[in-house]
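User: I have a chain open and would like to go through its fold. Can you take me through it piece by piece?

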Amino acid sequence: MESAFEVIAEPNRRAILSLLGSSQQSVGEIERQLRMTQPTVSKHLRVLRDAGFVESTVDAQRRLYRLKPEPLQEVDAWLAPFRRFWSAHVDALERHLDSMEPSTRTMTTLTKRKTSSRRLRGPNRERDNGLTK
C-alpha cells in the first residue's frame with residue numbers, strides 16, 4: 001500500500017481531494033469539473049479509496065464519493081513543525097512592525113504602493129499617458 005505522501009503526490013488525485021473537501025461528488029461531476037475522462041477519474045478514485053482517502057455510497061444509479069480525513073492526519077502531523085516555523089517568523093515580523101514608529105510604518109506602506117503601481121504601469125508610463133513625445 002502506498003503512503004499518504006505517495007497518494008497525494010499525483011496532481012489529479014490532489015484535485016479530486018480538493019473537490020471532495022467541499023462536498024461529495026459523483027464520478028460524472030468530477031469528470032466535468034476537472035475535465036478528465038471517466039477512466040482517469042475512476043482510476044484515481046480507486047487509488048484514493050484503496051488508500052482510505054475516500055469512501056463511496058450508492059445513490060440510485062450513481063456512486064457518490066466523499067472525503068475521509070483520517071489519512072490526511074499523517075500529512076498534517078508532518079507539516080506541524082513547518083507551521084511552527086512559519087508562525088514564529090510571522091510573529092517576529094508582527095513584533096517588528098509593531099515596534100516601528102507610526103510615521104515609518106506609513107512611509108513603508110506608501111513606498112510599497114508606489115513601487116507596485118510603477119511595476120503595473122511599466123517603464124514607459126509617461127509616454128503611455130501622453131506626457132512625453
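Analyst: Helices here are DSSP runs of H or I with at least four residues, and strands are runs of E with at least two, numbered from the N terminus. Note also that this is a predicted model.

User: Fine. How many helices and strands are there in the protein chain?

Analyst: The protein chain has seven helices and three strands. Read from the N terminus, the order of elements is α-α-β-α-α-β-β-α-α-α.

User: And what share of the 133 residues is buried?

Analyst: Buried residues account for 20% of the 133 in the protein chain. The accessible surface is about 9800 Å², with 54% of that area belonging to carbon and sulfur atoms.

User: What about contacts between residues at least 6 apart, how many join residues at least 24 apart?

Analyst: Of those contacts in the protein chain, 46% join residues at least 24 apart in sequence.

User: What holds strands of a sheet together in general?

Analyst: Strands in a sheet pair through backbone hydrogen bonds, in a parallel or an antiparallel way.

User: How many bridges between strand 2 and strand 3?

Analyst: Six bridges, in the antiparallel sense, with strand 3 covering residues 62–67. As one example of a facing pair, E55 stands opposite R66 in strand 3.

User: And how many bridges join strand 1 to strand 3?

Analyst: Two bridges join them, and these strands run antiparallel. Q25 has Y65 in strand 3 as its bridge partner.

User: What does the hairpin of strand 2 and strand 3 look like between the strands?

Analyst: There are two residues between the strands, and A60 takes a positive phi near 60 degrees in that hairpin. A60 is not a glycine, and it lies in the loop between strand 2 and strand 3.

User: Is A60 buried or exposed?

Analyst: A60 has a relative accessibility of 70%, so it counts as exposed; the cut-off for exposed is over 50%.

User: Then the helices on either side of it. At what angle do helix 3 and helix 4 cross?

Analyst: The axes of helix 3 (residues 27–34) and helix 4 cross at roughly 115 degrees and come within 9 Å. That angle makes helix 3 roughly perpendicular to helix 4. The crossing of the two is right-handed.

User: Which residues meet there?

Analyst: V27, I30 and E31 from helix 3 meet Q38, V41, S42 and L45 from helix 4.

User: And how do helix 2 and helix 3 cross?

Analyst: The axes of helix 2 and helix 3 cross at roughly 115 degrees and come within 11 Å. Helix 2 passes helix 3 in a right-handed crossing. On the helix 2 side, A15, I16, L19 and L20 meet I30, Q33 and L34 in helix 3.

User: Switching to single residues. Is H44 buried or exposed?

Analyst: H44, in helix 4, has a relative accessibility of 3%, so it counts as buried. The cut-off for buried is under 20%.

User: What is H44 in contact with, leaving aside its neighbours within four places in sequence?

Analyst: H44 is in contact with E10, N12, R13 and I16.

User: Where is R13 found, then?

Analyst: R13 is found in helix 2 (residues 11–22). With a relative accessible area of 9%, R13 is buried. Beyond residues up to four places away in sequence, R13 touches E2, E6, V7, H44, V47 and L48.

User: Last one: where is T40?

Analyst: T40 is in helix 4, which spans residues 38–50. Its relative accessible area is 26%, so T40 is partly exposed.

User: How far apart are T40 and N12?

Analyst: T40 and N12 are 28 residues apart in sequence, and their C-alpha atoms are 8.9 Å apart in space.

Notes: Residues numbered from 1 in each chain as written. Predicted model: local features only at pLDDT ≥ 70, side-chain atom pairs only at ≥ 80, totals over all residues. Heavy atoms only, no water. Buried < 20%, exposed > 50% of the residue type's maximum accessible area, 1.4 Å probe, protein only. Contact = heavy atoms within 4.5 Å. Areas by Shrake-Rupley, 256 points an atom, 1.4 Å probe, with all protein chains shown as cover. Pairing = 2+ DSSP bridges. Axes fitted to C-alpha atoms, helices over the stretch in contact; angles between N-to-C directions. Parallel < 35°, antiparallel > 145°, perpendicular 65-115°, else oblique. Left-handed = near helix turned anticlockwise from the far one by under 90°.
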